[in-house]
Amino acid sequence: MNKSNTSKGFANVSMKICKYVIMAVVIVVCATAAFNFGTEIFDSEGVDPAPGTDMTLTIKEGTQIGELANTLEEYGIIEDTAIFKVQSYIYNIKSIKPGTYIFNTSQSAEEIYEIIKEGPQENKKDKEKQEEKE
């Protein structure tokens, strides 16, 4: 057998092994990133431990989820705007009622979205007053 044929065969096998190793590494890295992203979306905790810090925000008419996410990140209520935007689809938030909201830095994404669904704080106070009168 010829040395050049043996060398070519060894080189071909080595290249195939390198391809498979690189593919395996890429798959592991992508799977790890996807798992971490999914964990952030479905198992998010507050930025700070309880009791956290209350933050009062006034949301203007026409504010979009992306704008709210940027504001919440700026005030330290959430950590990542991209995750917050994805969560808005999961929690079915399509619009934000304008008004004053109170968020806490220890609240999970689920709690933040519940506050958004309920609407501004002044609406809650009005409802409580009406219930007391009845």
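This is a predicted model: local features need pLDDT of at least 70, side-chain atom pairs count only at pLDDT 80 or more; totals for chains, interfaces and linings use all residues.
By class, the 17 residues that line the largest pocket divide into 7 nonpolar, 5 polar and 5 charged residues.

**The largest pocket**

- The volume of the largest pocket is about 220 Å³, and among the 17 residues of its lining, Glu40, Ser44, Glu45, Ile78 and Glu79 lie nearest the centre of the pocket.
- Two helices, H3 (81-90) and H4 (109-118), each supply at least two residues of this lining, and H3 gives the most to it, with 3 residues.

**The second largest pocket**

- The second largest pocket has a volume of about 150 Å³, and its lining consists of Leu57, Thr58, Ile59, Lys60, Thr63, Glu67, Leu68, Thr71 and Tyr75.
- Strand S1 (54-59) and helix H2 (65-74) are the elements that give two or more residues to the lining of the second largest pocket.
- Sorted by class, the lining of the second largest pocket has 4 nonpolar, 3 polar and 2 charged residues.

**Helix H3 against helix H4**

- The helices H3 and H4, which both contribute to the lining of the largest pocket, also pack together at an angle of about 60°, with their axes 11 Å apart.
- The crossing of H3 and H4 is right-handed, and in their contact Phe84, Gln87 and Ser88 of H3 meet Ala109, Ile112, Tyr113 and Ile116 of H4.
- The residues of this contact between H3 and H4 comprise 5 nonpolar and 2 polar ones, with no charged residue.

**Helix H2 against helix H3**

- The axes of H2 and H3 come within 9 Å of each other and cross at roughly 135°, and these two helices are therefore also oblique to each other.
- The crossing of H2 and H3 is right-handed, as is the crossing of H3 and H4.
- On the H2 side of the contact stand Ile65, Gly66, Leu68, Ala69, Asn70, Leu72 and Glu73, which meet Thr81, Phe84, Lys85 and Ser88 on the H3 side.
- The residues of the contact of H2 with H3 divide into 5 nonpolar, 4 polar and 2 charged.
- Phe84 and Ser88 of H3 take part in the contact with H2 and also in the contact with H4, while Leu68 of H2 belongs both to the contact with H3 and to the lining of the second largest pocket.

**Two spots in the backbone**

- Most residues other than glycine have a negative phi, and most peptide bonds are trans.
- Against that background, the peptide bond from Ala50 to Pro51 is cis, with omega near 10°, and Pro51 has its place in the loop between helix H1 (3-42) and strand S1.
- Asn92, a residue other than glycine, has a positive phi, with a value near 55°, and Asn92 lies in the loop between H3 and strand S2 (99-104).

Key: Residues are numbered from 1 along each chain as its sequence is written. Side-chain values use heavy atoms; hydrogens and water are left out. On a 1 Å grid over the protein atoms alone, a cavity is a set of points where a 1.4 Å probe fits but cannot get out, and a pocket is an open set with protein on both sides within 12 Å along at least five of seven lines; lining residues have an atom within 4 Å of a point. Grid points are joined across faces, edges and corners, and a volume is the space filled by probe spheres set on the points. Helices (H or I, at least four residues) and strands (E, at least two) are DSSP runs, numbered from the N terminus. Ala, Val, Leu, Ile, Met, Phe, Trp, Tyr, Cys and Pro count as nonpolar, Asp, Glu, Lys and Arg as charged, and the others, Gly among them, as polar. Axes are lines fitted to C-alpha atoms, for helices over the stretch in contact, and angles run from 0 to 180 degrees between N-to-C directions. A crossing is left-handed if the near helix is turned anticlockwise from the far one by less than a right angle, and right-handed if clockwise. Contact means heavy atoms within 4.5 Å. Angles under 35 degrees count as roughly parallel, over 145 as roughly antiparallel, 65 to 115 as roughly perpendicular and the rest as oblique.
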